[in-house]
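User: I would like to learn how to read the features of a protein model with care. Could you take me through them one at a time?

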Amino acid sequence: MNILGIESSCDETAIAVVKDGRKVLVNTIASSLKQHQDFGGVVPEIAAREHVKVIIPLVKKSLEDANLVWNDVDAIAVTVGPGLVGSLIIGYSTAHVLAEVFQKPLIAVNHIAGHIYSNWLYPVDMQEIPSQPELPCLVLTVSGGHNELVLLNDDHDFTVLGETIDDAAGEAFDKVSRILGLGFPGGPAISKKAEQGNPDAFDFPRALLKGKEHRYDFSFSGLKTAVLYKVKEFEELSEQDVCDIAASFQEAVCDVMVKKLMRAFDDNPHVKEIHLAGGVSANQRLRELLVSELQKRNLTIACRHPLNIRYCTDNAAMIAGAAYFMKDAGVFKVNPGLGLESSM
Ligand code: KG4
Ligand code: ZN
């Protein structure tokens, strides 16, 4: 079954076709990122205008690139939230019109459910097909706009264990990057500087929120403020200072995320796998820390992150993938109407 996915919840206009929920036949992304860079974050108005310009040409190009015609497409899946409303409406209206014109079922997908299913994807040219993830699994899905710790019990049967009570981890990367003058998006910029820095140079706070109520929740705003105050202590930052602050900040964020994952794992020892997903799952240090924590504990549990960096950040393959698995879960919504409802 080939599903055409459409994702437009933020600044990326993304189109993909995925076969049977896993094999990515084509995955195209047009980003208005450059136009937001001077503002230090995504400007909703600019993002929406760019979606309008590129979305239809991108659908055509994606089908051509994959050598597909509309007859090869069995259904259309589209992100219905969470995200920027102006951006979502453009993706949704496009999907709705295409579904009407080409007489295809339309499936509404939650953006975070999409990120979760990014660990099921593999590229069309991959020689050895990776094993299918086993459920139940624990998923840490972390981006600029969201930050959740989820127990995926069964297909589309999610329990959100925790989320951020202030900034998402990606948002903290973006804000600290701005403080250090490293530009937007902050994650890749900070991790590049961190490679040359000392993660122990500064002892930044780790908010572990031990109380029962926030056991699995996250808080990164105190850390961001601590970085701001540290930077203010310097008359001028040398290149090495920037690298050391970046490395110490990254270490603190990753340390908290791995500790929270381990806390959730200790409380749910029946899970079969641990997954990282979302834009921040592209972070190498986060991946390394998780693996080394599992090794320290002599745990051989399977641990995954998306196979391609383009499946970590926002993309449409994950939306098409999540839609496929909704079928078995009995939450396959056909032609859901204009209400921007979500599956989660
Ligand atoms: O999933 P995504 O594309 O968009 C949202 O749904 O928010 O994630 C974008 C976020 C940005 O905040 C960006 O700074 C962060 O992911 N990010 C990273 C890395 N690559 C992207 N954060 C840490 N390390 C990275 N290598
Ligand atoms: Zn996202």
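Analyst: Let us begin with burial, where a residue counts as buried under 20% relative accessible area, as exposed over 50%, and as partly exposed in between. This is a predicted model, and within it D167 is buried because its relative accessible area is 6%, whereas K175, at 25% relative accessibility, counts as partly exposed.

User: With which residue does K175 form a salt bridge?

Analyst: A salt bridge is called when a side-chain nitrogen of Lys or Arg lies within 4 Å of a carboxyl oxygen of Asp or Glu. K175 forms one with D167, and the closest N and O atoms of the pair are 3.3 Å apart. The structure holds 17 salt bridges.

User: How should I read the salt bridges of E293?

Analyst: The side chain of E293 meets that of K296 in a salt bridge at 3.5 Å, N to O, and it also meets the side chain of R297 in a salt bridge at 3.2 Å. E293 and K296 are 3 residues apart in helix 9, so about one helical turn separates them. As for accessibility, R297 is partly exposed, with a relative accessible area of 33%, while K296 counts as exposed at 66%. Elsewhere, salt bridges that share partners join D167, E171, K175 and K224 into one network.

User: How is the packing of two helices described?

Analyst: Two packed helices are described by the angle between their axes and the distance between the axes. Helix 5, residues 169-179, packs against helix 7, residues 221-232, at an angle of about 10 degrees, and their axes are 10 Å apart. That makes helix 5 roughly parallel to helix 7. In this contact K175, V176 and I179 from helix 5 meet K224, V227, L228 and V231 from helix 7. Sorted by class, the contact has 5 nonpolar, no polar and 2 charged residues.

User: Which residues touch the most other members of the largest nonpolar core?

Analyst: A nonpolar core is a set of buried nonpolar residues joined through side-chain atoms within 4.5 Å. The largest one here has 45 residues, of which F204, F220, F249 and M257 touch the most other members. Several elements each supply at least two residues of this core, including strand 7 (137-142), strand 8 (147-154), helix 6 (186-194) and strand 10 (273-277). Helix 8 gives the most, with 14 residues. Leaving aside neighbours within four places in sequence, M257 is in contact with L140, V142, A169, F218, F220, V280 and L286. Another core, of 33 residues, lies apart from this one, and among its members are A14, I107, V150 and M326.

User: Is N27 buried or exposed, and which residues does N27 touch?

Analyst: N27, found in strand 3, is buried, with a relative accessible area of 13%. Not counting residues up to four places away in sequence, N27 touches I15, A16, R310, Y311, N315, A316 and A317.

User: Where should I look at the backbone itself, and which peptide bonds are cis?

Analyst: For a peptide bond one reads omega, and the bond from G81 to P82 is cis, with omega near -5 degrees. P82 is in the loop between strand 4 (75-81) and helix 3 (85-102). The bond from F184 to P185 is also cis, with omega near 0 degrees, and P185 is in the loop between helix 5 and helix 6.

User: What is phi for D20 and for N298?

Analyst: Phi of D20 is near 50 degrees, a positive value in a residue other than glycine, and D20 is in the loop between strand 2 (12-19) and strand 3. N298 has a positive phi of about 55 degrees although it is not a glycine, and N298 lies in the loop between helix 9 and strand 11 (302-304). D20 counts as partly exposed at 32% relative accessibility, whereas N298 counts as exposed at 70%.

How values were computed. Residues are numbered from 1 along each chain as its sequence is written. Chains are lettered from A and ligands numbered from 1 in the order in which they are written. This is a predicted model: local features need pLDDT of at least 70, side-chain atom pairs count only at pLDDT 80 or more; totals for chains, interfaces and linings use all residues. Side-chain values use heavy atoms; hydrogens and water are left out. Axes are lines fitted to C-alpha atoms, for helices over the stretch in contact, and angles run from 0 to 180 degrees between N-to-C directions. Helices (H or I, at least four residues) and strands (E, at least two) are DSSP runs, numbered from the N terminus. Angles under 35 degrees count as roughly parallel, over 145 as roughly antiparallel, 65 to 115 as roughly perpendicular and the rest as oblique. Contact means heavy atoms within 4.5 Å. Ala, Val, Leu, Ile, Met, Phe, Trp, Tyr, Cys and Pro count as nonpolar, Asp, Glu, Lys and Arg as charged, and the others, Gly among them, as polar. Buried means under 20% relative accessible area, exposed over 50%, partly exposed in between (1.4 Å probe, protein chains only).
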